[in-house]
Every structure is written in structure tokens, then in C-alpha cells.
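Please look at the sequence and model below before reading on.

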Amino acid sequence: MIQPMKKQIAIVEDEPALRENYAAALARHGYSIKAYGNRRMAMQAFNTRLPDLAIIDISLEDEAEGGFDLCRDLRALSAELPIIFLTARDSELDAVSGLRLGADDFLTKDVSLPHLAARVAALFRRIDALRRPDNAAEIVRRGALSIDGEKMQTTWNGAPVTLSLTEFWIVHALAKNPGHVKNRQQLMDAANVVLDDNTITSHIKRVRRKFQQVDAAFDAIQTVYGMGYRWVE
Amino acid sequence: VSIRLQLLIVALTTLVLPWAGCQYAKELETALRSSQEQSLLANAATIANALSAQPQRVFHDADDTQAFSASAGDLYVYPLVTQPLLDGYRQDWDVPAEPTPLPTTTGYRARLQAGSTEGFLYLFIEVADSHFDAEPNNVQPDTDRFDRVNLALDGPNGREAYFFGTDAPGLIAAQSVVKGEDGVDRAVAEPRIQAFWLQTAAGYHLEARIPLSFVGRHLWVEALDGRGKGKAGFAADSAAGGRLFFATAGLDSLLETFIGDGTRATVIDANALKLGTAGTVVSKKRGETEESEPIWYRYFLGVDTTDMPMLSMAPDHLSGESVSSALNGHPHAQWVLRGSHRDLLLTAAAPIVIDGQLHGAVVLQQAADQLLALRDRALSRLFNLTLIATAAAVIIMFAFATWLSLRIGRLRDAADSAVGSDGRIQLTMPESASADEIGALSRGFERLLARLNEHAQYLRTLGGKLSHELRTPLTIVRSSLDNLESEGLRDDQRRYITRAREGTQRLQSILSALGAAARVEESIKQSDRVNFDLRELLISALAAYRDGFPGTHFVLHTPEDPCFARGAPDLMVQLLDKLIENAVDFCPPDGTVTVRLERVQANYCLQIANDGPLIAEALMGRLFESLFEQRQGDDDKPHFGLGLYIVRLIAEFHGGTAVASNRDDGSGVVFTILLPLI
């Protein structure tokens, strides 16, 4: 059996201990890891060879927003490359900026290593799925919504809705059982993430906004106050 | 004691000024008086000396030093100013003294007074006689009985006797008894001695005029009743007495030459009888201004006059300490009071000594010096001015003190309210622009408040900063644990990993709680306002709380219809979360948490009430402050005093307010959120 070539993951993180920990954990999952402490070194390497996935911290050494710049540059080099922001900064603004720059996911450092590995795996799975022909079996349809679980793609009335990985998993969890209330814990579990209530709230808000950009009348995600959210058709 | 009162008391010390003025005035007055005494005494001594050099112009009989004795018939002859009309009345004599009673042994009462002017001696005799007995015609003076007045004189030709009697009242002449050639005594009229006989209800008056040429040193008067034995007076053959004491003619004008304006000089003989007088006490110049002198200031300024004697006003003689001292040979000056105004009068007396023999005295009387009067006026004006100045100083001081205490009061009020009930710090103080100490104090306050504010700001952001800064090391710990766990550990090792992981989770929740307020503030900034049904929100949230807190009984009261409010429902749920958590924490087991929504006027009134311990009154206003925590935490949840602060933030975001209170019956506490209706 031919050993498939190891997927290469670039970690750009200025905190050495964290960098090593992430690298060790992901290496254990069979990835080849390149770790960089700042944007300059990372960019040099990327210009030579693009990794298969990049995990980027926002503040890099003396550059408070170095991660954003790096993300922009990477996107310029490749439109498909999965990019994950992994940062101690948890403000709404940072999340919005990061995702707008084309990152696939925005994680705070609260995320556990297994969760991180799960996301990395999911993103690679999506890359693979995108390269394969369509597999209709994986597609969930709920009225105007259609979710491709493999490719992690969402459409509303046929129009694509670009969601981050976390957002996608939240929508997926809600839409799988319409009418069922999913509390925050369930949504976090589904999204492989540990978040506080406010962050879930802002994720939901962001998801609604993204659907509303496609259909202003979108009202399928309902808040059940004090309990959670449910998908209504 | 307020500053105002203190300054007022200090201001009152300016009253020392008028007081010192008074003291100075008194000393000045004493000095001026004493100098006036000295000068008047010197004057008196000078006049006395001058008079002693010419005794014949002063004394009627300079050799007669025998004492005056009214009981022996001695008679003082008042100097009359004008010639009286012979009419039987004494009023025009202008002598203030009453006539002297004549001695009697029979109860027959008669009184006598003598006066003199322009070469005549006047006698006035007043007799009480119930029945008029007329003098018969062709009187036999020695034998006939009628109402008569006998008069004996030491004339130039020896002693001569006359009598007055009449058949009808009116103008009469004196009669003398002349033995005729036939040896019979006859009454012969002496027309130069005239008299007026006036019959009155009580008797009769006899006013007689005798040329001084008839009059010598002695005179006797006797009144006899016509029908009885009644008689009074001195018979002509009395051996002693009957001396006449005249005021010395020409002495008045002599004295005029010695004295100046405002001084009265009186010369008395050794018996203190007036021999002559000149001048008036009240100067004409002074008289004009004296009326305007205020009397009251004497209470503050004047010397004590209560012990001073009143001036004796006897018309025929002088008395008093200075007079008796001078008649004992010692010059003496004394202040006396005169009249109802109690004007001050200086009396100075100096003895007149001739050849070592005391003959009389010169008495000078003078009103308080004009200098004194001037001093009085100046000082009373000074006194008035200092009083006004003091009053002004007191008023100004009072106003200043009021202003000062107002400013300080403003500063104090500002300092009291500098830290508001919401924990916000008012950074500007009143008066800080002033250049004085109060301004400096105010600026000191401002600096203090600025530092306090920095400190409070730092504390407020500390939670967020800490939770941010600690996140990376915490992540290192957790990711290391993750890595360690996947190394394939033994079960006993895994136990420690689990413990370490629990520890990091607790740390995580602490950091999360610390950063909660900062996150709420941020999400408030990014929240959109939508219309939502508060009632529906409460119903669904309460259902969740019933599941979440099975040990607590929840009761919900809402209106029947939807209650639309405008805001962020997610935040409103967070507000509810905090209040419900708080209520459940303090609610005893099996207690009840009551949630009530009502419309009150223009607001929704949302009340979350729980049974349980009350809130101390003093803490009531501070509960909603950031980082205010009074709870004695016995649970393992971290409390940073941010829960109710978040409640307030969210209530304010919705345009409402949050208030805590105790139930009236003391069974628990109520948190009330007022939100405006749409």
C-alpha cells in the first residue's frame, strides 16, 4: 500500500510553547508540520512552497495584526488553501475581520487539541470532497436550504452561502432536526468547539446575516429564549 | 461653629476701636477739665487778690466780721434789678426767695423782705391779720390802738422811729411821732418815706420805699395788731441785731471788668451772702450750638456725673463744698450740675483775705469749657464714624464669610457627590478656576478624583485584560495536557491529568467571569435594536429556568397580550440570566422566585423577586456598581461584582433603569427593571 504523501500544515504562532504543542499534536495525527514564529519567515517559506493548510495567530511578535496580513497574502497566493485563525483574541470584530479576509475558520485558543485536529481533518475532507464528483447522498435539503455535508457547502434557494467551518457545523446541527431546540452546549459539541454563550450568540447572528444577504426574508433560525435555537421550515 | 459665625465674632472685635476712642476721650476730658479747674481757680485767686486791695469797694463795712444771724434780726438786702412799683405786690421785685418770718411770741405772723435799688431801700412786710383796724384821725400814737408797722432806722441823725398805719388802704407815707409845743405827741407824716398798704384776704401787705439817706447800718421792723396783744418783729430798742447786709453798690460793675464771656463771678462775704455778681454762665456763642448736642453719647463718652452735687440756687447766698472751703481759707474748685439738663458747671472759689483776716470769697462759675464742647462734638462724630465703620466691617465680614462658606459648601457638595451612585466619577469640581486656597483645594480634589478615576478605570479593565493575558499561558497548559494525554498514560497518571484539566477549567471559568463585563459592553456596542415580545421572552426563558434550577419554585405573572419592547432580546435574556441566578443564589431551598411583568404608565415594570435575606439599606444604591460585591460566597463560583453591573448596562442600553429594594413585609428582595414602552 502506498503511503499517501503527508499533508503539510503550516503553523504561524509566536508563542514557542504553544507552537510546539500544536505541532506535536497535529504531527501525532499524521501531518507534516512547519512551524513559524513570525510573518516574515512564514511568508518566505510560503513563497517557496504553499502548505496544504495554514493555522495562523493574529498577533505575531511585533505585528499586532500580522496574522491578518499573512492571511491576505496567502489568499492572494491560493484561493483554495484552508486557513484557520487560532488566536487569543476573541472579539467579534477580530472574528468578522478574519473571516472576511477569507479564513475558513476562526478559533480562539480555548479550543482543545482534539477539537483542533477534528477541524483540520474536516477541512482536508472538504478539500478532498470538492475534488470528487458530486455525491448527492450527503446532501441535506430543508426547504430552500441545501447542505452538502461532504463539501461543507450551503445554498439557500440555490444561492451559495459562505460559512466558516464553525458556522457550517452549527447550521448543520440545527437543520438536521428541524423544530428541535438545540441548546448552546449541543451546538458547541456539534461545532467541535468550546465557546461561551456570547460567542454562540454572535455566531448565530453572523449566520443569520449571511443568509439574509442571500434572502432578506430569511427567518429559519429561531431563538428559544433561555434554551437555545431551532430550525423552522 | 460655622466659619460665618467665627468671622462674625472676629469682626466684632473691631468694636474695640470705638471703645478705645471712648477711653481716649475720657482721658482727654479729664485732662481738659483739670486744666479748666486750674485756670478758673487762678482766675478766682487773681480777682480775690485784686478785690482785697480795695476792700471799701467790696464790703459795706469791712470791719464788721460778726456773723449774719437772721434770728437776731439781721436782714439781707437783695439787690433789685429794676425799681419796683409801690403797689403792695412783691412780684416785680424779681427775688426768688420768700420773705423771712419775723419772730413772734404771740402767734401773730408777719414776714419781711428787703431790697435795694437806685438809692432806695425797699421793704416788703406781709402780715396775717384777720381784721383791719384803721388808724383814727388825730391819732395819739402812743395810746391809740390800730394795725401798725413800726420802723426804726439808724439814720445820719441817730436813731429815728417811724410807723405806718392808715385809715384806708392805699398809698401812704410814714409817720413819725413828734412832741408838739403843747407837749402832746403828734403824728407827723414823713413824705419821703412812702408805702403802699394793700388789704388782702389774709391780712395786709405793706410795701415801703425809704431813701438810702435815711438808712444806716441797722433797721428794726415790728408789726402790731390793732385790737389785741399780737405783735411780731423787733422792737426799735432792741440792743443788738437789726443789721442790714447790703449787696455792695458798684461791685457788680467792678466784677464785670474781671470776667470774660461765659463766666459768672460772685463775691460773698464771710457769711456766704452775695455782695455782688456779674456775668452769665451760658455763653451766647455756645448757646446756639448746645441744643444740637446729642445727649446719648454721654453714656459712652462722658464722665460719671451721678455723684456730682446740684448747684444751689439760693438767691441771697452761695453754698457748696467749694464755697465753704474758700470761706475756711482754702481755694477750691468743684464740678456741679445745673438745671434739669444736668449741664456741667465748674465752680471755683478763692478766699478774700484782708490783713490776714478772711472777709469773704470770690466764686467763679463757668460752664464746661468750650474746648470740652468742641471735644465732645469731635469725639461724638468720631464715635459715630467708628460705629458706622465697625458696622460696615461686620456686615462686610459677614457677607464675605457667607460667600466663603457658600463656596466651601459648594465644594463639599461636589465632593460628596463626586462619586455617583453608578460608580462614575465626576472629574470637575466647582471653584477650580479660583486663584485662592479654595481654588487650590478644589484643584487638589480634581487631581485626587482624576487619580481615583484612573484607578477605577484600571480596575474596570483589569478583568478584561487579565482574562486576555492569562489566556495564552492557560492555553499552553491545556494544550500540553492534551498532548500528554495522547502519549498513552497509565490510569494513575491519567488521574492527575484529569485533576489538572479540572483546574484549568476552573481557571477558564474564572477568566470568563472576569471578562464578562467587558464582553457585554462590547456586544452592547454591536447590538442592533429590534422589536421583540417581552412576554414571550419571559415565558420561554422561565421554562428554561425551571429546568435549569429544579430546586427553586418559579412563578410568572405577565399581561395577557404581547408586550413589545425595543432592544436586543439576547441581551435581555442575559439580564434575566443574571437576575435569576442572583435570585436563586439567595433564595432558600423551596423558596419562590417571582417574575412579574406589568405596564406602569409609560414603562414596562419587570420585577424579579425572591424570598431570602434582605439587602442592607446602605448597600442598596451601590449594588449596581462595577466590582461591587458584598456576598459572603460559600459556593465555588467566582463572584466579581459584575453580575448586577451587567444588569444595569443592559437596562440602560434599553433606555431603562434597574433598582433593588426590600419587600415591605421583609420576606425578601425585589429587583425592578423599568423599560420604556415602544
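## Salt bridge

A:Asp110 and B:Arg471 form a salt bridge (a side-chain nitrogen of Lys or Arg within 4 Å of a carboxyl oxygen of Asp or Glu), with 2.9 Å between the closest N and O atoms. The count between chain A and chain B is one such bridge.

The model is predicted: local features need pLDDT of at least 70, side-chain atom pairs pLDDT 80 or more, while totals for chains, interfaces and linings use all residues. Residues are numbered from 1 along each chain as its sequence is written, chains are lettered from A in the order in which they are written, and side-chain values use heavy atoms, without hydrogens and water.

## Interface

Contact (heavy atoms within 4.5 Å) involves 31 residues of chain A and 29 residues of chain B. The two chains bury about 2,500 Å² between them, 48% of it on carbon and sulfur atoms; this is the accessible area (1.4 Å probe) lost on being put together, summed over both.

## Helix H4 of chain A

Buried residues (under 20% relative accessible area, 1.4 Å probe, protein chains only) in H4(A), a DSSP run of H or I with at least four residues, are A:Glu92, A:Asp94, A:Ala95, A:Gly98 and A:Leu99. Seen down the axis of H4(A), they fall within an arc of 165 degrees (directions from the helix axis to the C-beta atoms), so they line one face of the helix.

The face turned away from the buried side of H4(A) carries A:Leu93 and A:Arg100, which are exposed (over 50%). A:Gly102 follows H4(A) and has a positive phi, near 100 degrees.

Conventions: Helices (H or I, at least four residues) and strands (E, at least two) are DSSP runs, numbered from the N terminus.
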